[in-house]
Amino acid sequence: MIALTIAMIGMAYLVGSISGAVLISRYYHMPDPRNYGSHNPGATNVLRSGRYDVALLVLFMDLLKGTIPVYLSWYLGIPAIYLGFIGIAACLGHMFPLYFHFRGGKGVATALGALLPLGLDMGSFMIITWLITLLLTGYSSLAAIVASLLAPFYTYLIKPEYTLPVAMLCCLILLRHHENITRLMHGLEPKIWKKHPLRRHRR
């Protein structure tokens with residue numbers, strides 16, 4: 001079981017290293033998302049380009065990067081505590097992708113994808129929390145931070161045996177958002193629905 005767990009951790013990192021935002025943007029002949037807006041290769045930054053269809057594809061791919069390794073590991077009977085390490089490995093792959101010079105994103109969608117195999121009810125709570133915060137504030141980063149803070153609490157109420165690995169995963173997300181937290185505190189964080197970021201970037 002130890003060897004299998006280590007193998008799945010490695011696989012999760014390699015799968016997480018596939019940057020959907022970069023690859024899909026290339027396919028649609030769009031600018032590299034690491035070079036405009038927040039410079040974050042994720043669905044939110046791609047959304048700032050105005051291509052909602054492309055952003056949706058990126059979101060779906062980022063979700064799958066977390067879901068596939070964790071679900072496969074659960075199916076293979078790997079204990080709950082180790083599922084957290086596998087989810088973290090997928091997120092680390094997204095944040096520091098091996099194939100893209102270690103320039104990755106924040107890992108929010110990949111983390112959510114890693115949580116979905118643990119239960120659709122918990123995933124639904126996370127999505128609802130993210131959406132409500134986003135609609136009330138307009139800040140995608142704040143929505144991710146609030147959802148990450150509440151995720152261990154949701155897990156404890158629904159499936160307490162997964163609380164520790166989920167808490168570990170959320171700590172990683174929060175650490176990755178340290179720059180966003182600083183900008184939020186100083187009122188410098190951009191809102192998601194500002195228009196034409198690419199045009200402003202080109203000036």
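Guide: Let us start with helix H8. Its buried residues are Ser-140, Ser-141, Ala-143, Ala-144, Ile-145, Ala-147, Ser-148, Ala-151, Pro-152, Tyr-154 and Thr-155. Before we go on, a word on the source. This is a predicted model, where local features need pLDDT of at least 70, side-chain atom pairs count only at pLDDT 80 or more, and totals for chains, interfaces and linings use all residues. Residues are numbered from 1 along each chain as its sequence is written, and side-chain values use heavy atoms, with hydrogens and water left out.

Visitor: What makes a stretch a helix, and what covers the buried residues of H8?

Guide: A helix is a DSSP run of H or I with at least four residues, numbered from the N terminus. The cover on the buried residues of H8 includes helices H3, H6, H7, H9 and H10. Contact here means heavy atoms within 4.5 Å.

Visitor: How do you know what span to expect of H8?

Guide: The rule is 1.5 Å times one less than the number of residues. H8 covers residues 140–158, which is 19 residues, and 27 Å is expected. From first C-alpha to last, H8 reaches 25 Å, close to that value.

Visitor: Where does H8 bend?

Guide: At Leu-150, by about 35 degrees. The bend is the angle between axes fitted to the seven residues ending there and the seven starting there. A proline, Pro-152, follows within four residues.

Visitor: Why is Arg-34 called buried?

Guide: Buried means under 20% relative accessible area, exposed means over 50%, and partly exposed is in between (1.4 Å probe, protein chains only). Arg-34 has 8%, so Arg-34 is buried.

Visitor: What does the side chain of Arg-34 meet?

Guide: Asp-32, in a salt bridge of 2.7 Å, N to O. The rule asks for a side-chain nitrogen of Lys or Arg within 4 Å of a carboxyl oxygen of Asp or Glu. By this rule there are four salt bridges.

Visitor: How far apart are Lys-65 and Asp-62, in the chain and in their salt bridge?

Guide: Their salt bridge is 3.5 Å, N to O. Lys-65 and Asp-62 are three residues apart in helix H4, so about one helical turn separates them. Lys-65 is at 4%, so it counts as buried. Asp-62 has 2%, so it is buried too.

Visitor: What makes the phi of His-29 worth a note?

Guide: Phi of His-29 is near 60 degrees, a positive value in a residue other than glycine. Most residues other than glycine have a negative phi. His-29 sits in the loop between H2 and H3. At 75% relative accessibility, it counts as exposed.

Visitor: How many residues of H6 are buried?

Guide: Seven of its eight, so H6 is mostly covered. Those buried residues pack against helices H4, H5, H7 and H9.

Visitor: Which residues make the nonpolar surface patch?

Guide: Leu-14, Ile-18, Leu-23, Leu-92, Phe-96, Leu-98, Tyr-99 and Phe-102, over about 660 Å². Patch residues have over 30% relative accessible area and no salt bridge; nonpolar side chains (Val, Leu, Ile, Met, Phe, Trp, Tyr) are joined within 5 Å, like charges within 9 Å. Leu-23 is at 35%, so it counts as partly exposed.

Note on methods:
Helix = DSSP H or I, 4+ residues; strand = E, 2+ residues; numbered from the N terminus. Areas by Shrake-Rupley, 256 points an atom, 1.4 Å probe, with all protein chains shown as cover.
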